[in-house]
Amino acid sequence: MNVKQRTIKAPVTISGTGLHTGEKVNLTFNPAPENHGYKFRRVDIGGAPVIDADVDNVTDTSRGTTISQNGASVSTIEHVLAALVGLEIDNVLIDMDGPETPIMDGSSIQFVNALSKTGFTEQDADREYYHIPYNIHYSEPDRKVEMVAMPLDDYRFTCMVDYNSQVLGSQHASISTISEFNTEIASCRTFCFLHELEMLLKHNLIKGGDLNNAIVVVDKDVDDEELAHLARIFNRKDIKVAPQGILNNIELRHQNEPARHKLLDMIGDLALVGVPLRGHIMAARPGHAANVAFAKKIKTLIKKERSRKHIKVYDPNMKPVFDTVDIMKILPHRQPMLMIDKILELSKSHVVGLKNVTMNEDLFAGHFPGAPLFPGVLQIEAMAQTGGILVLNTVPDPENYITLFLKIENARFKDKVVPGDTIIFYCNLIAPIRRGIAQMKGVGMVGSRIVVEAELMAQIVKKTKEEKEA
């Protein structure tokens, strides 16, 4: 049974302080339409720029995850995104009047509670999961980071942290399904080591920290004077080292709360892939930089698979729109430079052409005779001629015009083409034709294999009197 997308029933606002900036911020979750995904909107900036929660927009992972777009940024977004994923909310617009999300208690639980209170609305569109097709690996050997996504018809996480610390030691955390997030993971707070806290304080990098939103692991000998200094900074009467080896500012909610929080961060960062996932994510020593790199690897695979799905495989023997004789009435090219044999499909915005690569073509006498290959430059020429048919089809008397190609960009040759192959070229307009200038994306396929792709720009030019008479 298909699962429907969902959003929230009504706007809900949460106010707090940014951990690193110390700025007060109001964050409002708003309902959003189908297929909207997660987007942030900086309402404190002129024009209210929108920032897509997309891994390609990540600009910093040093102290949390920051995304930037349209001249604006939002930081420390991982706890907010984890709450949305944990509640299986698909579409929401997040308004913020500051650059950093409120840290709250250092976990996701207050976001979860606020969203749960406002309730959810089921939408008409189906939720489209990306099912991990095979094991996807990511590693950083120097940091001993290992991550793998494995096929599973659910969303499961396993996380291990090991900081070579006698206090923290090695910890594991896991959930068998995403529905366990709210009870097992959402309330787990961020943590840092005492030496990191001192460094951040020294450089004025935790302006919003008040010791109520982080577990502080004491990883070194500390005297009463230093504890008294910390107490003065955070306006507390007394600070001591608890038996668990942490500052007594808060009590642990779980014995392995640090590992659970790392799992929370992973869920939030992987939301930047942009689609809900189905798979088992296992990670050793993850961090924001590794999470983002892993998310990019998964997104790249998704884009590659989707591009293949969107390309139709054509039957070379189907009845053509134009045969070779028809094509020669439109294009000025003749043998041996006429590269297109048939036009299989033609509309106002796209064209499909066919090229049969045969051994008796003149070029193979000199182009690798012992191992003949159809040159990439001629593949682009054939693609351009196919696009030329599309462009000339937009004028009333195409035989009186020619197309001049002005630019070729992002050309990629992905597989070899040999005699006996039939190349199907698909060209579509990527912008309306203006002032006789056409921009197209072209793809060449042999069977289901993409062999070449490029972006082309052409200009429609009226033939001169001499060209018409030639």
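**A pair and its surroundings**

Mentor: Start with Arg41: its bridge partner is Asp95, in strand 9. Strand 4 (residues 38-42) and strand 9 (residues 92-96) run parallel here and share five bridges. Two strands count as paired when DSSP finds at least two bridges between them. Strands themselves are DSSP runs (E, at least two residues), helices likewise (H or I, at least four residues), and both are numbered from the N terminus.

A word on the model before we go on. It is a predicted one, where local features need pLDDT of at least 70 and side-chain atom pairs need pLDDT 80 or more, while totals for chains, interfaces and linings use all residues. Residues are numbered from 1 along each chain as its sequence is written, and side-chain values use heavy atoms, without hydrogens or water.

Now widen the view to the sheet. Strands of a sheet pair through backbone hydrogen bonds, either parallel or antiparallel. This sheet is open, has five strands in the order 2-3-9-4-5, and its pairing is mixed. Strand 2 (12-17) and strand 5 (50-52) are the edge strands, each pairing on one side only. On average, neighbouring strands are turned by 25° against each other, direction ignored. Helix 1 packs on this sheet. The helix touches strand 3 (24-31), strand 4 and strand 9, and its direction makes about 145° with that of strand 4. Contact here means heavy atoms within 4.5 Å. Axes are lines fitted to C-alpha atoms, for helices over the stretch in contact, and angles between N-to-C directions run from 0 to 180 degrees.

Helix 1 has another neighbour. Its axis (residues 78-86) comes within 7 Å of the axis of helix 6 (residues 257-270), and the two cross at roughly 80°. So helix 1 is roughly perpendicular to helix 6; that label covers 65 to 115 degrees, with under 35 as roughly parallel, over 145 as roughly antiparallel and the rest as oblique. Helix 1 makes the contact with Glu78, His79, Leu81, Ala82 and Val85. Helix 6 brings His261, Leu264, Asp265, Ile267, Gly268 and Asp269. By class, the contact has five nonpolar, three polar and three charged residues. In that scheme Ala, Val, Leu, Ile, Met, Phe, Trp, Tyr, Cys and Pro are nonpolar, Asp, Glu, Lys and Arg are charged, and the others, Gly among them, are polar.

His288 belongs to helix 7. Its relative accessibility is 14%, so it counts as buried. The cut-offs are under 20% relative accessible area for buried, over 50% for exposed and partly exposed in between (1.4 Å probe, protein chains only).

The largest nonpolar core has 70 residues, and Phe29 and Phe40 touch the most other members. Helix 7 (residues 288-309) gives the largest share of this core, seven residues. A nonpolar core is a set of buried Ala, Val, Leu, Ile, Met, Phe, Trp, Tyr and Cys residues joined through side-chain atoms within 4.5 Å. Setting aside residues up to four places away in sequence, Phe40 touches Pro49, Val50, Ile51, Ala53, Ile67, Val74, Ile77, Leu81, Ile94, Met96 and Thr101.

Helix 2 joins the picture too. Helix 2 (residues 109-118) lies across strand 2 and strand 3, at about 165° to strand 2. Its buried residues are Ile109, Phe111, Val112, Ala114, Leu115 and Thr118. They pack against strand 1 (4-8), strand 2, strand 3, helix 1, strand 10 (120-126) and helix 3 (181-184). Gly119 follows helix 2, with a positive phi near 85°.

Two bridges join strand 6 to strand 7 (residues 66-69). Asp60 has Thr66 of strand 7 as its bridge partner.

Last, the whole. The protein holds ten helices and 24 strands. Of its 470 residues, 51% are buried.
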